Amino acid sequence: MTLKDLVIDHLEYTFERETWQPPLRIAVQGVTATQAAWKPSPARHSIWQIVRHVTMWKQSVLDGINGTPQDADALEATDWPEVSGDEAAWQQDLHRLHAVADQLKTIALAADETRLMAPVPTVQGAPAQPLMQRLVRQATHDIYHAGQIQYLRALQGV
């Protein structure tokens, strides 16, 4: 297995390929807007908030790769907003999640080992990291939140 194979395997394993644990794409599959907005208590996050959080940080990784790193303080300030909306708004947020995940995978598929080892910006003012590290870390972030989503589904009996 090459380094590239390992990175792509991790991206697929954590976002799209179901094995012993459901990846993020499967964790949100079939969830309605009402289920996505549900919170076990006011101080906790909903599935919908988690999806927006993951999407925002995936977009931040993508922006850094594209040479336009975001401001970390600005990201933190807009993270975890309350959600509201109908099924169309929920589906739009799911579409954004899938689109940015697909863009990151496309970048990994196109990269050779030299590109995977090349540093890319993270957020403004922070040290750069190799592309492979950025991709693997954001994928690990996916699977962490997929577990949370599975638990929130279970609490709802979904």
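Which residues does D142 touch, not counting residues up to four places away in sequence? In this predicted model, the partners of D142 are T14, F15, L24, V54 and K58. D142 is found in helix α8. Is D142 buried or exposed? With a relative accessible area of 1%, D142 is buried, because buried means under 20%.

Let's look at how α8 meets α1. Two packed helices are described by the angle between their axes and the distance between the axes. Helix α1 (residues 3-15) packs against helix α8 (residues 131-156) at an angle of about 20°, and their axes lie 8 Å apart. The two helices are therefore roughly parallel to each other, and α1 passes α8 in a left-handed crossing. On the α1 side, the contact is made by L3, V7, H10, L11, Y13, T14 and F15. These meet M132, L135, V136, Q138, A139, T140, D142 and I143 in α8. By class, this contact has 10 nonpolar, four polar and one charged residues.

In soluble globular proteins, nonpolar side chains tend to be buried together.

| Core | Size | Residues, among them |
|---|---|---|
| Largest nonpolar core | 21 residues | L24, I47, W48, V51, W90 and I149 |
| Second, separate core | 16 residues | V120, L131, L135 and A139 |

The residues named for the largest core are those with the most contacts inside it. At least two residues of this core come from each of α2 (24-28), α3 (33-37), α4 (47-65), α6 (87-110) and α8. I149 touches L24, A27, V28, I47, I50 and V51, leaving out residues up to four places away in sequence.

Notes. Residues are numbered from 1 along each chain as its sequence is written. This is a predicted model: local features need pLDDT of at least 70, side-chain atom pairs count only at pLDDT 80 or more; totals for chains, interfaces and linings use all residues. Side-chain values use heavy atoms; hydrogens and water are left out. Axes are lines fitted to C-alpha atoms, for helices over the stretch in contact, and angles run from 0 to 180 degrees between N-to-C directions. Helices (H or I, at least four residues) and strands (E, at least two) are DSSP runs, numbered from the N terminus. Angles under 35 degrees count as roughly parallel, over 145 as roughly antiparallel, 65 to 115 as roughly perpendicular and the rest as oblique. A crossing is left-handed if the near helix is turned anticlockwise from the far one by less than a right angle, and right-handed if clockwise. Contact means heavy atoms within 4.5 Å. Ala, Val, Leu, Ile, Met, Phe, Trp, Tyr, Cys and Pro count as nonpolar, Asp, Glu, Lys and Arg as charged, and the others, Gly among them, as polar. Buried means under 20% relative accessible area, exposed over 50%, partly exposed in between (1.4 Å probe, protein chains only). A nonpolar core is a set of buried Ala, Val, Leu, Ile, Met, Phe, Trp, Tyr and Cys residues joined through side-chain atoms within 4.5 Å.
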